[in-house]
Amino acid sequence: YELGDDLRLIHWRSVAKTGTLMVRKNIITSEPRLMILLDTWAGSYSNDDFEDAVRLAASLVQAGCSSHYPVQFRATNGLAADAAASGEGRTAIMKILSGIQATDDDPGLNGVLRFADNVEGVSLGAVTGQPPGERTLGVTRARARFDMVTVVQVGETHERPPMRIPGALVLNGSSSREVADKWKARFG
């Protein structure tokens with residue numbers, strides 16, 4: 001017990017055993033967790049689209065940390081870092097993002113399955129470019145393992161419709177700014 005603690009939380013049985021005022025601590029076991037996944041397969045991007053994808057991934061990490069959610073950052077090339085709900089670890093994620101590169105020898109979004117174990121209570125935010133349909137099947141297969149899935153696509157060059165993933169929200173835009181504007185229009 002510390003001065004100012006709610007007296008209704010005093011655990012009287014513990015007080016009786018120890019002779020010291022003890023307060024119950026409530027632990028939230030269903031705290032939402034976020035996984036931000038960045039597609040690092042070069043084939044998903046053209047021009048400067050990968051830089052837009054990196055900006056969007058960084059924005060999602062910042063938003064999660066600012067909202068005090070634990071954030072897991074994963075790149076399809078295997079790079080990974082986590083940030084606690086306190087924000088500790090955010091700098092490590094930003095450091096990875098500052099030097100990340102897209103490569104040709106990368107599984108792309110099909111690599112999501114290797115990150116989809118033990119993800120109970122996790123919402124996935126995947127950031128990608130315009131990968132061909134066969135390169136998105138991993139997200140479709142992993143969808144049921146996550147509480148919620150949002151996929152953000154950048155680099156819309158031919159005004160293609162967003163990829164279809166049953167049960168997932170997919171936003172498609174030509175740049176990070178256009179995706180942000182679509183996000184704001186939809187969610188305020």
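A polar contact is here a pair of N or O atoms within 3.5 Å; within protein, one must be able to donate a hydrogen and the other to accept it, and residues adjacent in sequence count only if both atoms are side-chain atoms. The model is predicted: local features need pLDDT of at least 70 and side-chain atom pairs count only at pLDDT 80 or more, while totals for chains, interfaces and linings use all residues. Residues are numbered from 1 along each chain as its sequence is written, and side-chain values use heavy atoms, with hydrogens and water left out.

View 1. Helices (H or I, at least four residues) and strands (E, at least two) are DSSP runs, numbered from the N terminus. The side chain of Arg135 reaches the backbone oxygen of Pro107 at 3.1 Å. Beyond its neighbours within four places in sequence, Arg135 is in contact (heavy atoms within 4.5 Å) with Trp41, Asp106, Pro107, Gly108, Leu109 and Asn110. Arg135 is buried (under 20% relative accessible area, against over 50% for exposed and in between for partly exposed; 1.4 Å probe, protein chains only) but has no salt bridge. A salt bridge requires a side-chain nitrogen of Lys or Arg within 4 Å of a carboxyl oxygen of Asp or Glu. The nearest side chain of opposite charge (Lys and Arg count as positive, Asp and Glu as negative; His and the chain ends are not counted) is that of Asp106, 5.7 Å away.

**View 2. Ser98 in helix H3 (residues 90-99).** The side chain of Ser98 reaches the backbone oxygen of Lys95 at 2.7 Å. Ser98 is exposed, with a relative accessible area of 63%. Its C-alpha atom is separated by 9.9 Å from that of Glu51, 47 residues apart along the chain.

**View 3. The salt bridge between Asp52 and Arg55.** The closest N and O atoms of this pair are 2.5 Å apart. Because Asp52 and Arg55 are 3 residues apart in helix H2 (residues 49-66), about one helical turn separates them. Asp52 counts as buried at 9% relative accessibility, whereas Arg55 counts as partly exposed at 44%.

**View 4. The salt bridge between Arg74 and Asp82.** Here the closest N and O atoms lie 2.7 Å apart. Arg74 is buried, with a relative accessible area of 14%; Asp82, at 45%, is partly exposed.
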